[in-house]
Amino acid sequence: MCRSIKTLREPYTESVTEEDMEAAALQYVRKISGFRVPSRANQEAFDRAVAKVTAATRELLDDLVVPARRRAVG
């Protein structure tokens, strides 16, 4: 997987912005497509893929159940 994509869920990240999700989606689409910058002929498909991956990321993060962190006793 692309190493520049950071984990976007708690406890790794306290708050996730739309920009964080879009940046991760962009990195993913770049990695999968092999294009850092798509040609004009591919721009629409590239942008559509980024939007769909961003939406899927938002849905996943909204639906994840993350167990509460245990407090250290002592």
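Is E18 buried, partly exposed or exposed? At 31% relative accessibility, E18 counts as partly exposed. The class runs between buried (under 20% relative accessible area) and exposed (over 50%), with a 1.4 Å probe and protein chains only.

This is a predicted model: local features need pLDDT of at least 70, side-chain atom pairs count only at pLDDT 80 or more, and totals for chains, interfaces and linings use all residues. Residues are numbered from 1 along each chain as its sequence is written, and side-chain values use heavy atoms, without hydrogens and water.

**Salt bridges**

The structure holds two salt bridges. Each needs a side-chain nitrogen of Lys or Arg within 4 Å of a carboxyl oxygen of Asp or Glu.

| Salt bridge | N to O distance |
|---|---|
| R58 and E18 | 2.4 Å |
| R48 and E44 | 3.3 Å |

R58 sits in helix α2 and E18 in helix α1, so the pair links distant parts of the chain, 40 residues apart. Helices are DSSP runs (H or I, at least four residues), numbered from the N terminus. R58 is also partly exposed, at 31% relative accessibility.

R48 and E44 are both in helix α2. They are separated by about one helical turn because they lie four residues apart. R48 is partly exposed, with a relative accessible area of 41%. E44 counts as exposed at 59%.

**Pockets**

A pocket is an open set of points on a 1 Å grid over the protein atoms alone, where a 1.4 Å probe fits and protein lies on both sides within 12 Å along at least five of seven lines; lining residues have an atom within 4 Å of a point. A volume is the space filled by probe spheres set on the points.

The largest pocket holds about 230 Å³ of space. It has 15 lining residues, and I5, L8, T57, L60 and L61 are the closest to its centre. Helix α2 supplies the largest share of this lining, five residues. Eleven lining residues are nonpolar, two polar and two charged.

The second largest pocket has a volume of about 160 Å³. Of its 13 lining residues, L8, R9, E10, V16 and L61 are the closest to the centre. Here α2 again gives the most, with three residues. The lining has six nonpolar, two polar and five charged residues.

**Surface patch**

L60, L64 and V66 make a nonpolar surface patch of about 240 Å². Patch residues have over 30% relative accessible area and no salt bridge, with nonpolar side chains joined within 5 Å. L64 lies in the segment after α2 (40-63). Its relative accessible area is 37%, so L64 is partly exposed.

Technical notes: Patch = residues over 30% accessible without salt bridge, like charges linked within 9 Å, V, L, I, M, F, W, Y side chains within 5 Å. Areas by Shrake-Rupley, 256 points an atom, 1.4 Å probe, with all protein chains shown as cover. Helix = DSSP H or I, 4+ residues; strand = E, 2+ residues; numbered from the N terminus. Nonpolar A, V, L, I, M, F, W, Y, C, P; charged D, E, K, R; others polar.
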